[in-house]
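Dear colleague,

Please find below the structure that I am handing over to you. My notes on it follow directly after.

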Amino acid sequence: MQTLTITRPDDWHLHLRDGAALASTVSDVSVNFARGMVMPNLSPPIVNTAQAQVYREKILAARPPDSDWQPLMTLYLTDNTAAEEITRAQASGFIHGVKYYPAGATTNSDAGVSHIGKASKVLERMQEIGMPLQIHGEVTDPDIDIFDRETVFIDRILMRLVKRFPELKIIVEHITTSNAVEFVTNSDKNISATITPQHLLFNRNHLLAGGIRPHFYCLPVLKRSTHQQALIDAATSGDSRFFLGTDSAPHTRASKESACGCAGCYSHHAAIQLYAEVFARADALDKLEGFASHFGADFYNLPRNSSKITLRRQAWQLPQASRLGNEEMTPLYAGETLQWQAENDAD
Ligand code: DOR
Ligand code: ZN
């Protein structure tokens with residue numbers, strides 16, 4: 001296969017940041033994608049509908065001329081979120097989910113949920129009105145090994161949550177383990193998961209063997225290759241509960257190449273091309289369109305896109321650097337060669 005035309009994809013999990021960064025992140029994501037679920041972990045976080053509206057307008061203003069790329073907004077769940085805020089968010093028409101960060105789990109998550117029991121009323125309301133819960137699925141207990149934090153979260157928190165709220169729509173974000181794949185596979189249709197390009201292409205050896213490579217550091221952290229293989233199998237299976245969410249998370253080069261480097265891989269310099277690489281290597285390019293362009297929209301009850309993009313088999317070298325506002329960052333797989341390029345088709 002030399003070319004592949006697919007419905008224009010959507011990204012169901014990405015970070016755009018704020019301020020000067022928006023010009024870079026929004027322009028990158030709008031090249032090949034139609035919509036993006038914009039994570040709310042700004043500082044301070046986006047905790048209500050009014051803040052989401054202001055943020056959305058800034059994002060819209062940062063689009064390149066003629067771009068019709070659409071931001072989909074999500075609220076940051078805190079111990080103080082009120083059930084009424086969920087109803088307001090739903091009525092806005094532009095908020096499509098609520099993000100649950102266990103407090104302290106990752107970048108700007110300090111205002112997250114300290115104990116999920118505190119969110120019972122909010123979760124009840126979400127279940128009732130069909131508002132999806134987007135979960136960063138890691139425990140934060142310092143005594144739990146960082147490589148086990150997702151699995152322990154599933155066992156201790158997620159299983160109970162699903163039992164208590166059986167109809168709640170849940171997206172387990174950026175899954176990294178065979179345990180998470182198994183959990184979703186054995187669940188009902190209201191439970192789904194996003195998978196990032198870094199967790200499909202790499203494992204913890206890429207991060208740690210032969211030297212520590214901070215540009216592969218993200219959270220949840222890369223796991224061993226058997227987990228990577230389980231994720232590849234899930235993404236390329238055609239099971240509609242697994243869909244595209246890059247977790248593209250820009251950090252300046254200086255903040256990653258540091259004695260205490262930030263977590264996050266930036267992938268919107270080449271997101272769909274990175275996924276194409278995975279699907280081509282697995283001989284499953286015929287499954288890419290469902291994963292990238294259909295299943296997420298179906299899960300969120302949004303229409304599928306009508307425009308298309310074409311992927312062409314032609315080797316190219318990824319750039320060494322990307323802009324992040326007035327600074328530089330090192331994007332995922334910088335300087336390496338990919339086999340697939342993307343072209344936009346006329347609508
Ligand atoms: O690696 C990550 N970076 N994981 C997250 O959960 C957050 C993200 C960020 O915002 O930088
Ligand atoms: Zn994220």
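**Helix H12 and the residue after it**

Helix H12 is followed by asparagine 301, whose phi is positive, near 55 degrees. Please bear in mind throughout that this is a predicted model. Helix H12 itself comprises the twelve residues 288-299; at 1.5 Å a residue they should span 16 Å, and because the end C-alpha atoms are 16 Å apart, the model agrees with that expectation. The helix is mostly covered, with ten of its twelve residues buried. Those buried residues are Leu288, Gly290, Phe291, Ala292, Ser293, His294, Phe295, Gly296, Ala297 and Phe299.

**The surroundings of ligand 1**

Ligand 1 is surrounded by 13 residues, of which the closest are Arg17, Asn41, Thr106, Leu219 and His251. Polar side-chain atoms approach oxygen atoms of this ligand in several places. For arginine 17 the distance from such an atom to a ligand oxygen is 2.8 Å, and for asparagine 41 the corresponding distance is 2.9 Å. In the side chain of threonine 106, an N or O atom is 3.1 Å from an oxygen atom of ligand 1. On its own, ligand 1 has 290 Å² of accessible area, and the protein covers 100% of it.

**Threonine 194**

Is threonine 194 buried or exposed? Its relative accessibility is 1%, and since buried means under 20%, threonine 194 counts as buried. This residue is located in strand E8 (residues 191-195). Its side chain makes a polar contact of 2.8 Å with the side chain of glutamate 173. Leaving aside residues up to four places away in sequence, threonine 194 touches Trp12, Ile171, Val172, Glu173, His174, Ile175, Phe243, Leu244 and Gly245.

With kind regards

Notes:
Residues numbered from 1 in each chain as written. Chains lettered and ligands numbered in written order. Predicted model: local features only at pLDDT ≥ 70, side-chain atom pairs only at ≥ 80, totals over all residues. Heavy atoms only, no water. Helix = DSSP H or I, 4+ residues; strand = E, 2+ residues; numbered from the N terminus. Expected span 1.5 Å × (residues − 1). Buried < 20%, exposed > 50% of the residue type's maximum accessible area, 1.4 Å probe, protein only. Near = heavy atom within 4 Å. Polar contact = N/O pair within 3.5 Å; in protein donor to acceptor, adjacent residues only side chain to side chain. Areas by Shrake-Rupley, 256 points an atom, 1.4 Å probe, with all protein chains shown as cover. Contact = heavy atoms within 4.5 Å.
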